[in-house]
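Subject: Handing over a structure

Dear colleague,

I am passing this structure on to you, and below it you will find notes on what was found. Please read them with the structure open beside you.

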Amino acid sequence: MFDHELLNYLEGYLTEERKQRFCDVLQKRTRHITVAVEDVYQLHNTSAILRSCDVFGVQDLHVVEDRFGKRMDKNIAMGAEQWVDVNRYQTTTDCISKLKNEGYQIVATTPHDDSSLLHDFYPQKKSAIFFGTEREGLSKEVMQRADGFLKIPMVGFSESLNVSVSAAIIIQELAQKVRSSNLDWQLTPMEVLDKRLDWTKKSIKDVEGIIKRYRNT
């Protein structure tokens, strides 16, 4: 059961402006679309994708760390890791299975000719958008288990974009489509409360000591 009294108590350590900021941001957060990154090698690319999730209101980032290990631990995007939930997986199989069990369709980003163009793609269903490695793209497993394919239309000589640039373009476009729709795209009231408590805890120094004293009173 959610501890409303604890949330109210801890929010007393925040300014009114910060509390209102949390509420305003959470009203535009979504889990209707989510982002998955498979074995991205360059640290700054994963960090940039994390920032894009935060900036454009996507609450969850799923990171497969099969080949290159934990690639976000040292050079994480400044501040963004506090506001976006990062879910880590050792294998692509685990990541896809979890997302499918949660009702997501798997959408692979790829320049293949049979892919849907970004401006034609509408995330009517809950959608997990997968981005692959800088060198090789997405794995065969993602391509085989994907429910759909997506690409950014290009009209220049270059045939590809940096993965973090591609992610930023796609996340912004899809998040805007979702927020402008009649879909049930917002966080549930309980999810909002959970994130308010989580963000409040992350904003208070020595929060564990404060909670311990609160529970002992």
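His 119 sits in the loop that runs between strand 5 (116-117) and strand 6, where helices (H or I, at least four residues) and strands (E, at least two) are DSSP runs numbered from the N terminus. The model is a predicted one, in which local features need pLDDT of at least 70 and side-chain atom pairs count only at pLDDT 80 or more, while totals for chains, interfaces and linings use all residues. Residues are numbered from 1 along each chain as its sequence is written, and side-chain values use heavy atoms, with hydrogens and water left out.

With a relative accessible area of 49%, His 119 is partly exposed; here buried means under 20% relative accessible area, exposed over 50%, and partly exposed in between, with a 1.4 Å probe and protein chains only. When residues up to four places away in sequence are not counted, His 119 touches Pro 153, Glu 173 and Lys 177, a contact being heavy atoms within 4.5 Å. Between His 119 and Ser 160, which are 41 residues apart along the chain, the C-alpha atoms are separated by 17 Å.

The search was made on a 1 Å grid over the protein atoms alone: a pocket is an open set of points with protein on both sides within 12 Å along at least five of seven lines, a cavity is a set of points where a 1.4 Å probe fits but cannot get out, and lining residues have an atom within 4 Å of a point. The volume of the largest pocket is about 600 Å³, a volume being the space filled by probe spheres set on the points, with grid points joined across faces, edges and corners. Strand 7 (148-151) and helix 6 each give at least two residues to the lining of this pocket, and the largest share, three residues, comes from helix 6. By class, the lining of the largest pocket holds 11 nonpolar, nine polar and four charged residues, where Ala, Val, Leu, Ile, Met, Phe, Trp, Tyr, Cys and Pro count as nonpolar, Asp, Glu, Lys and Arg as charged, and the others, Gly among them, as polar.

Eight residues of the lining of the second largest cavity are nonpolar, one is polar and none is charged.

Helix 6 also contains Ala 168, which counts as partly exposed at 22% relative accessibility. Leaving aside residues up to four places away in sequence, Ala 168 touches Ser 52 and Phe 56.

Towards the end of the chain, the loop between helix 7 (189-202) and helix 8 (207-216) includes Ile 204, which is buried at 11% relative accessibility. Beyond residues up to four places away in sequence, Ile 204 touches Leu 10, Tyr 13, Leu 14 and Ile 210. Asp 206 lies in the loop between helix 7 and helix 8 as well, but Asp 206 is exposed, with a relative accessible area of 52%. Although Asp 206 is not a glycine, its phi is positive, at about 50 degrees. Most residues other than glycine have a negative phi.

The structure holds zero disulfides, a disulfide being a pair of cysteine sulfur atoms within 2.5 Å. Cys 53 is buried, at 0% relative accessibility, and its sulfur is 12 Å from the closest cysteine sulfur, in Cys 95, which is too far for a bond.

Taken as a whole, the protein has eight helices and seven strands, and buried residues make up 47% of its 217 residues. Among contacts with a separation of 6 or more, 82% are between residues 24 or more positions apart.

With best wishes
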